[in-house]
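Please open the model in your viewer and keep the selection panel at hand.

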Amino acid sequence: MDFEAWDMDHTALTEFGWSLARWVDGELVREDGHLIVKEHRIYTQKYVPNHREFYSFGDSEVVNKHTFKQRIQDLINKHREAGPLFLVFHDNSQDIKYLKSDAVNAVERLDYLLPDSPQKGEVYVVDTADLFAALEGDASNNKRSLERVCRHLQIPTKFLHNAGNDAHYTLDAMMSMASGDPVDQQREQRWPKRTEDNQPKVEFKDWEEDSDFSDMEGVMGPPTAQAHDDSD
């Protein structure tokens with residue numbers, strides 16, 4: 001799930017998006033949604049793209065602040081009652097503040113450590129920024145953006161900074177990583193021969209880190225190894 005707030009006042013929530021995965025009779029069911037706060041629809045962002053109106057996975061719903069709060073509470077309570085609920089974020093700190101704020105007030109207690117036997121009624125936090133850091137072998141606290149994580153996982157994205165789109169891509173990223181092999185094996189499968197002995201961190205090429213190069217790759221193909229070999 002994901003929230004967006006006005007970047008000139010982070011107490012003014014503008015959007016909420018969710019992407020839900022559940023199993024019905026053994027079959028995976030996906031559900032997506034996007035809410036826009038009516039009272040804050042006039043606010044435009046200064047520092048991030050204004051993609052509120054570009055939801056890619058259905059129709060946005062414009063609701064007042066009271067309905068916005070109630071819908072989020074109902075969504076979490078419904079699925080918590082059905083079994084253990086796993087809330088998937090990308091860099092969760094700000095989103096959890098919003099969940100606990102007076103504007104939403106949807107959760108009181110969250111568990112950040114996943115037990116061997118999750119309990120019905122409990123709510124657990126999964127963070128794709130942490131999952132990807134483990135996958136690429138990065139022990140620093142420098143969390144990658146959702147755009148970069150999806151690019152490295154080869155998940156196409158568009159209109160990020162729309163809460164509904166971000167929620168969908170966040171769940172895509174989690175499912176891609178969680179459905180793979182154990183982390184060390186998966187790292188080598190995704191990025192062969194990119195690590196050194198006793199150093200698990202993947203060394204990405206400059207063109208892999210640059211979104212401009214990434215955008216051109218589909219047209220021209222990746223740059224040649226020679227063009228990016230600084231040893232010559």
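Begin with strands S1 (residues 2-5) and S2 (residues 13-24), which pair in the antiparallel sense over four bridges. Please bear in mind throughout that this is a predicted model. To locate one of the bridges, select Asp 2 together with its partner in S2, Gly 17.

Next, display the side chains of S1. Which residues of this strand point one way, and which the other way? Asp 2 and Glu 4 point one way, while Phe 3 and Ala 5 point the other way. Are these residues buried or exposed? All of them are buried.

Now select Phe 3, Phe 16, Phe 68, Ile 72 and Leu 99. These are the residues with the most contacts inside the largest nonpolar core, which has 26 residues. The elements that give two or more residues to this core are S1, S2, strand S3 (27-37), helix H1 (65-82), strand S5 (85-89), helix H2 (93-100) and strand S6 (123-127).

Keep Phe 16 selected and show its surroundings. Beyond its neighbours within four places in sequence, Phe 16 is in contact with residues including Met 1, Asp 2, Phe 3, Gly 33, His 34 and Leu 35. Phe 68, Ile 72, Leu 75 and Ala 163 are also among its contacts.

For a second, separate core of 14 residues, select Cys 150, Ala 173, Val 202 and Phe 204, which are among its members.

The largest pocket holds about 690 Å³ of space. Of the 25 residues that line this pocket, select the closest to its centre: Leu 20, Ala 21, Leu 85, Phe 86 and Val 88. Which element gives the most to the lining of the largest pocket? S2 does, with six residues. Elements H1, S5 and helix H5 (163-178) each supply at least two residues as well. By class, the lining comprises 21 nonpolar, three polar and one charged residues.

Finally, turn to the second largest pocket, with a volume of about 580 Å³. Of its 24 lining residues, the closest to the centre are Asp 2, Phe 3, Glu 4, His 161 and Asp 166. Two or more lining residues come from each of S1, H2, helix H4 (146-152) and H5. Here S1 gives the most, with four residues. Colour the lining by class to find eight nonpolar, seven polar and nine charged residues.

Terms used: Residues numbered from 1 in each chain as written. Predicted model: local features only at pLDDT ≥ 70, side-chain atom pairs only at ≥ 80, totals over all residues. Heavy atoms only, no water. Buried < 20%, exposed > 50% of the residue type's maximum accessible area, 1.4 Å probe, protein only. Pairing = 2+ DSSP bridges. 1 Å grid on protein atoms, 1.4 Å probe; cavity = no way out; pocket = protein on both sides within 12 Å on 5 of 7 lines; lining within 4 Å. Points joined across faces, edges and corners; volume = space filled by probe spheres on them. Nonpolar A, V, L, I, M, F, W, Y, C, P; charged D, E, K, R; others polar. Core = buried A, V, L, I, M, F, W, Y, C linked by side-chain atoms within 4.5 Å. Contact = heavy atoms within 4.5 Å.
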